[in-house]
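The sequence and the structure are shown first.

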Amino acid sequence: MNEQIYQEFCAILQEELRPAMGCTEPIAVAYCAALARQALGRLPRQVEVRASANIIKNVKSVIVPNTGGQRGLEAAAAAGIVAGNADAQLQVLAGLTPEQIARVADYQKEAELRVLPSDKEYIFDIQVRVAAPGHTAFAEIAGHHTNVIRLEADGQVLLDRPYTEEGVQHTTDRSLLSVERIVEFADCVQLEDVQAVLQRQIDCNTAIAREGLRGKYGANIGRILLEAYGDGTHNRAKAWAAAGSDARMNGCELPVVINSGSGNQGLTSSLPVIVYARALEATQEQLYRALVVSNLVTIHLKTGIGSLSAYCGATAAGCGAGAGVCYLHGGRYKEIAHTIVNAVAIDSGMICDGAKASCAAKIASAVEAGLLGWQMQKHQSEFYGGDGIVVKGVENTIRNIGTLASEGMRETDRTIIRLMTGGLC
């Protein structure tokens, strides 16, 4: 494989497969608030949070970890300020002590805390302005969860990074991704180049799925799937992915290794592959290579869709899971391409109406679509170009999905947000 492409694919996995505690949008708000407090150098007495409509959508209904079960932007910002550990980025709330956790609710009562819609047109925008007697500070994140574009302290600019919606959103080159190259990379990658990041994904995501099945979180979708439909591998793949989301969406403090900025996508793209690998008694090497496929296919699909939209990102991750399971069973480019196209045709268009307990059920649906897409190609059945949004060639179909999500569903996104916020956004 071309050395430049090889190194870029390794870098993409390093960039995307990172640990985060809690839903990544409220955690990004907490991170931004912690940055503002760090720049201020003291506990602020006034806090103003401005967030784009899609951030408001994804923070509104999900429980923020280490807040005593609270939801919403105010709780996320307060927790980030009380934690004060901006260096932890997406694990900013992981290190809160019991005393700090108790302090979050008190701080919201003591401080003057306001939440307003963003004054910018960015899809992903978080601004936190803080003040204490004689001092002010400001932090802004745009584009994706850790992309800090501006920092100020007492009127002095500490960081000013140009940002446009049309600009490059990542440090790595996603234009190099294709299904054929992904399979080639999975076949030839030296395991020492990916083992650490993939083993962390296996360990973290398996642990939170196990907790989701053991505990009582949200609507308990994972547990219901097992109780209703049994412990077969196919159902267990859906149940474990859903159980991870059950826990994550409902306050569990265990970290998740994310994919494309989303913990739910990280769970969906990894856990079905892990379940099938264990059922097949696959070697660790086979599991790592299958996870390379599932993760990179998810990233490839999600790159065209964008970080936040009306298109449920778990759908892309379900395609990735199906591709990874196909690889485990000996499928290569042709079989994996058919699996992806089939899965895309089945579940595309499932809406994202924010992070919440029902995400676990959507994950189960996305995994089902991925696995059905795989089974279809096994039985020499496929959807063809001209069947709806499916066109000839897997890359052309993937491009159609990106257009559908990023352009075609814009008004759908606005309508969802308007319905969720009572017309405030």
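Predicted model: local features only at pLDDT ≥ 70, side-chain atom pairs only at ≥ 80, totals over all residues.

Student: Is Arg289 buried or exposed, and which backbone oxygen does its side chain reach?

Tutor: Arg289 belongs to helix H11. Its relative accessible area is 13%, under the 20% cut-off, so Arg289 is buried. Beyond its neighbours within four places in sequence, Arg289 contacts Ala186, Asp187, Cys188, Val189, Leu191 and Tyr327. At 2.8 Å, its side chain reaches the backbone oxygen of Ala186.

Student: Are H13 and H15 roughly parallel or roughly perpendicular to each other?

Tutor: The axes of H13 (residues 333-347) and H15 (residues 394-408) come within 10 Å. On the H13 side the contact is made by Tyr333, Ala337, Ile340, Val341 and Val344, and on the H15 side by Val394, Thr397 and Ile401. H13 passes H15 in a left-handed crossing. The axes cross at roughly 30°, and angles under 35 degrees count as roughly parallel, so the two helices are roughly parallel.

Student: How are H7 and H9 oriented to each other, roughly parallel or roughly perpendicular?

Tutor: The axes of H7 (residues 195-214) and H9 (residues 233-249) are 7 Å apart. Residues in the contact include Ile208 and Leu213 of H7 and Trp240 and Ala243 of H9. The packing angle is about 80°, within the range of 65 to 115 degrees, and H7 and H9 are therefore roughly perpendicular.

Student: Ser260 has a phi near 55°; is this residue buried or exposed?

Tutor: Most residues other than glycine have a negative phi. The phi of Ser260 is positive, and Ser260 is not a glycine. Ser260 lies in the loop between strand S8 (255-257) and helix H10 (263-280). Its relative accessible area is 12%, and because that is under 20%, Ser260 is buried.

Student: Is Gln380 buried or exposed?

Tutor: Gln380, in the loop between helix H14 (359-378) and H15, also has a positive phi, near 55°. Its relative accessibility is 70%, over the 50% cut-off, so Gln380 counts as exposed.

Note on methods: Residues numbered from 1 in each chain as written. Heavy atoms only, no water. Helix = DSSP H or I, 4+ residues; strand = E, 2+ residues; numbered from the N terminus. Buried < 20%, exposed > 50% of the residue type's maximum accessible area, 1.4 Å probe, protein only. Polar contact = N/O pair within 3.5 Å; in protein donor to acceptor, adjacent residues only side chain to side chain. Contact = heavy atoms within 4.5 Å. Axes fitted to C-alpha atoms, helices over the stretch in contact; angles between N-to-C directions. Parallel < 35°, antiparallel > 145°, perpendicular 65-115°, else oblique. Left-handed = near helix turned anticlockwise from the far one by under 90°.
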